[in-house]
Amino acid sequence: MNNKYPLASLCIFFIGLVLLVSTVGCTKNLPENRESIGMDTRFTQTVYSPVLGRNTLFSDNFYLGSSSQPLTFKIINMRTRDGVAAPELTKTTPVQVWTQPYLGDEKSVAEIEAKRKIENRPLFEVREHSGQFLMWSAANSAAIKTQPDSGYVFDVEMSNSGGRRYFRDFKLMPLKERAYEPSEMDPKTGLSKYVGLIPNSMFNIRGERTGNYMFFSEVGVLFKKNAGAGNSLTFKFVDSLFKPIDPNKFNLTKWDKLVHGFNMVKTNEYVKYDVAYPIPLIAYRTDYTNILGDKARVIFRYERQGFGNIREEAYLNLDFAIFEPGNWEITVWFTGERPKFSND
Amino acid sequence: MRYTVIIFSLFLLLGFNAETNAQQKKVVVKGTVMDRAAKTPIPGAIILSGKPLVTVGQTDANGKFNVSVNDDGELTFKYIGYKSIVRKVTADHVINVSLEEEVNSLKEYVVIGYAKKTKEVSTGSSVIITAKDIQDVPVANVMELLQGKVAGLNIQNNNGTPGMRGSMNIRGISNVNVSGAGDKAFLTPTSPLFVVDGVPVDDNSNYSYGFESAGPGISPISLIPVEDIQQIEVLKDAQATSLYGSRGAYGVILITTKRGNSKVPIISYTTSFNIATPPSLRKVIGGKGERLMRIDQILNYDTSFYDGLKNINNTPFLADSLNSYYNNSTNWQSYYYRTTLNQTHNVNISGGDQSFNYKVNTGYYNEKGIVENTDFTRYNLGMNAQYMPNDRFKLVASLANALTNSSAGGGNSLSQTGLADGASSSSLLPAPSLYTASNGLLNTLNVKNDNKVINITANLDVEYEILRGLRASNTMSYTYMTQGTDKFTPGSLSDGFNQVYNYFDRKNTLYNRTRVAYVKEIAEKHNFSASVFTELNSTDFRADAMKQNSTPNDHITGPLGNDWANSLGGTLNNLSDVRSVSLATAFSYNYMQKYVLDLTYRWDGSSTNGPDAGYSKSPAVAVRWNFNKEDFLKSTSNWLDYGSIRLSYGKNIVPTGSVYDVYGKYIAGGNYNQLPTVGLDLGVIPNTGLTPTTTTQYNAAFEAGFLNRFNLTFETYYKQVDNMLRDKEISNINAFGKVKTNEMSVVNYGYELNLSARILPAGKGFSWTLSANGALNKDVMAHLPDGVSQLMVVDANTGQNILYRLGKNSLTNVLLNTTGVYGSNSQIPVDPLTGLRYRAGSATSFNGLSYFKAGDPRWTDVNGDYILDVNDYVAAGNSQPLVTGGINSFMQYKGFSLNVQGVFTLKRDILNNATSARFQNFSDPLDQKVDKKGLQGLVPLEQFLYWKKLGDNATYPNPYDYIRYKDINPFRFDQTLFQEDGSYFKLQQVTLSYNLDKKFIKRFGVSSLRVYGTAYNIYTFSNYSGPNPESVTDLGRDNSGGYPSARKYILGLNVQF
């Protein structure tokens, strides 16, 4: 009796083993649980032409198709058109990155600067999981080939646990820096096509001599970077002979809310602010920007008593962006007659 | 009457025949047969004697018998489910025996492929539920009671509508196609095939769970009275189901109704009364509290304080608090839900013995739904009679009639969406009357909805033994089922436009099966059996509907109306006329019941098959080894009652698609030159190459019984469904929009365990039996159309997409991953390049509202672009349960018995859309109709840990910030915040019953009297935060529009005269 027990137990154990093996054997051939790499996945944009000297993000350039996310992207084989490796784009360079959100309510330049820091990054990157391309503002035309040069060629590797795919021969054809927008520069040659820009809008401004309304053709806007340390922005108004016009004559202007600048200095010739660059700092709508938030908006207003004792309110508005730090000076140049500030 | 006379005379003739064969000295033996445990007499026990054994008699209603046998003979007492006893004829010619219940489940009879055999020689996987297991709860649909009783049969009683059934699947899901969206998304139903008294009943086409039919939508299984059911058998593996052909691919459930089995007629009366109570209703904030809450929210979160004041003053229901229309605190839920008293009555008259027996059953079942204006009433009249003059000829005739009346109120058979919206109306609105605004409630209460279903089934079975061992039989049945709906929506509910809806359908099913079977035994060792049968099935179905708008007034409910332009009528496009023919063969061999081999093969042809599809073939092979009968294990016989191993393999091939998918369809077009035109339906391109869906199943099982007390069954299976049908969009350069192809595969594999133990065996006063079963099922996606490795089913409604991915569970929820709530603004990630904060949607909105801030949910930015959009969904959660099962305990002491039953479902993910919607109600304090549901009530939020102030570490986001709601949508349905574990253990049933003492009741002429009290659907133990983890759709979505399951308290009585 006693020696029979193990036999039965052994038998049951053996049966259990058979059952287990039979199920395991069946499931052996099932497909592995892996993420998908779709054959319909592709980049919808293959030629990228960022303007150097500013942060550029290329979005909406990728069609996911039937791939599973998260995907991992990598730029490989960065090279010039003739096939020579181009390490200048992939080696890390100090760039300025945001660590906290800029909201437009900061009280000093230092507070703004505390929200960003310097990090080492390649100048041209792909976002690891989204496939967006980004070009940092530290990239400049001294080190990087710009158009009309045919630029660079690179490949992208896309992978997840389901495998990997390569997308080949993306073209990177950067454009030369344009330090400010709007710009009179030709994007390819980097040379000015004309002198002076026009304001975005003008309203009710009359000429001093004729009393007629003034038009865009009679106003020029000049951007100039002065030498020296520090970051500042100066506004000046001049007549056709570059004689200064007193900014105080724009008597309704909200000087303290004109730009997101600090330590305003207002003289009879100019208004100067300490600022942080670029202007605007980010493409986010604040009190100092247009509705889209991509340009700073300044409005110079004044009022006067017009003919027949009518109050006439007038303004001149300029939307602009400046990407290069330094001591910038924006001059509003009345090329015809001076605006009329006095009462009739 | 005439037939009765003929049958009786034939019976008498036979009786004389038996007499003439007698040669030895005869004595008359008397006695009683009792149940050893219950101490009750057993009526209908069979007494056999002689060599070979011949039936000599049967016990009467009091268990008494009186037989004439040889004086030196032996009597064998047999009764189904009891151990047989052999006794020698005693000197005093009195034999009193007590039969003991058979615990050895191998001696149970199973029916597989229309052939009856003992479990010992059956190779298929099947489970038997007897009348005893389902007698204590009155339900409309018996399937509700099978929950937790069969390992591998996953039933979720998630539809409380009287007469409906919940979702059920045998061994995992067999079809992963999803229809509908949002809360109304359902899996394509794959209900098992039901075979009622040998006749297949289709429960899959027009009545299934998840199918919002145009008609009443009553399941045909709801037409069978539970009291009349003798036995239910669930067939699970391919060996068991393959003989049922293509329709058995999703498992087969056999239902056998009662037969007469007593010489003295037995009249048994069963009645029960039950109180159905709605589940606990949710708390709401009422009246002034709600108004102040809304005002507080507006003042705190509007764009400015003064804008808030302006908005409040412009909103009458907030500002005009003295207006009696708004000065209310209405408890809407109380108008919808009710406690009801229901009753059932059933009379069963039966009698006869093996050679002739009859049964007549009449039943009445009434269930008033716990939602107002919903009810279900069923009337039954059924009979059957069996005539078997000798062992060679048998005739069974049966007739079943059922009539049901039901009302679905303002909803339909599946959901009460109007109710869900209405019951969550704002408490500020006045109580319902025709002059108030809430139509949801009036809709539920005042819609006249009358559904009627009539079903008549006639069935005739003839069996004849042509030669010894060779039997021919024929079964023919005809079923007529008609359903009608009358619905009248008064104009006072729908802007003065009243509406009559009328629906009528009829379905005729003719079924015939002819079978020849041969049984042969050689040298008492080799047992052969073989059979061939053919099946013919012809079903036609036609439904007509009529919708009449604008009758003259609310009192004239048709047939006249003036709005002919919007009135519709005609035959619905689900018209069908289907024929199918099948041929099946089965061969079985066993050697001394030790080694068993089963081979079956079946061919199916159907009129819906494409010309290229041909006959579908279902083969099956199975073996069984009863190893305890081996000589080398003889020594274990004192503790091992039985032990066996089964292995089976089989295929079921199901033709897919309708005749239209194969051949295309012509439809009536517009007029051309004043003549009507007929054109091709360009929706779906015909595909003559549609291949049938193939279900391949492997099954392995181990069964053993120990010490006559413990039984164990362990099964493992692998089920692969190939060539699943799916719509595929085709390129728009084609004239057609879609094509149906068979390109998907899904695999289910799992383990099933069934244990039962007689902890205290019967016969010692107190007995206790405990049984438990559980099934673990895993499903895996194995193939997708065009060879892709993933596919997303996009949900346009709630965004709760479903992912099919190879190698993963077949239905994966795809959601935003909520990892908490931003406690403060500094926690929000910033794009290092653009300096912008993480935001919802790629557009940088001018108002800046889409940027996340403190109090918003912390959703994982999967692709790292600092934008929350469609790229940030993660595969999270499985809507199908991993483990299902049940526990049953039965205790008995003298006449008392206590039965406790619990069911459980483990590891399934539920999307709690109800809670999500409750939070969403806070998005519209001014009732600007953002969600178009009307003014919604507010629920107290104390139970939720939500964000209140900067620095809070909360679980739920800030519900009050309604201005940014559109941009952020913090309580969106498609996020893991509302995905919860839906594991539960439900205390399903507790029954206390008492069998009155025989001697006492005999004085009143009653042979047996049993009273019982049952509490049903008692309590669900779960961590789920919603009302009930079971009341969710088969895709695991807790939609508030579902019909809740009632809790029932039942008092019942079974009397036998």
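Visitor: What percentage of the 344 residues in chain A is buried?

Guide: Buried residues make up 29% of the 344 in chain A. Here a residue is buried if 20 or more other C-beta atoms lie within 10 Å of its own, exposed if 12 or fewer and partly exposed in between, with C-beta atoms placed from the backbone. Before going on: this is a predicted model, where local features need pLDDT of at least 70 and side-chain atom pairs count only at pLDDT 80 or more, while totals for chains, interfaces and linings use all residues. Residues are numbered from 1 along each chain as its sequence is written, and chains are lettered from A and ligands numbered from 1 in the order in which they are written.

Now the overall build. Chain A has three helices and 21 strands, counted as DSSP runs numbered from the N terminus (helices are H or I, at least four residues; strands are E, at least two). The radius of gyration of chain A, taken over C-alpha atoms, is 31 Å, well over the 20 Å from the globule rule (2.2 Å times the number of residues to the power 0.38), so chain A is more spread out than a compact globule. Its C-alpha trace spans about 130 × 50 × 35 Å along the principal axes. Of the contacts in chain A with a separation of 6 or more, 66% are between residues 24 or more positions apart; a contact means C-beta atoms, placed from the backbone, within 7 Å.

As for the inside, the largest nonpolar core has 81 residues, and A:Val259, A:Ile279 and B:Val746 have the most contacts within it. Such a core is a set of buried Ala, Val, Leu, Ile, Met, Phe, Trp, Tyr and Cys residues joined through C-beta atoms within 7 Å. Strand β20 (residues 311-322) of chain A gives the most to this core, with six residues.

In all, 44 residues of chain A are in contact with 38 residues of chain B. On chain A's side, α1 (5-27) and β6 (92-98) each supply at least two residues, and α1(A) gives the largest share, eight residues. That side divides into 21 nonpolar, 17 polar and six charged residues. (Ala, Val, Leu, Ile, Met, Phe, Trp, Tyr, Cys and Pro count as nonpolar, Asp, Glu, Lys and Arg as charged, and the others, Gly among them, as polar.)

B:Tyr364 stands opposite B:Tyr379 in β22(B). The two strands form a hairpin with five residues between them, and B:Asn373 in the turn has a positive phi of about 65°. Next, β22(B) pairs with β23 (residues 393-408) of chain B, again antiparallel, over 15 bridges, with B:Ala402 as the bridge partner of B:Asn380. A hairpin through two residues joins β22(B) to β23(B).

Conventions
Contact = placed C-beta atoms within 7 Å. Pairing = 2+ DSSP bridges.
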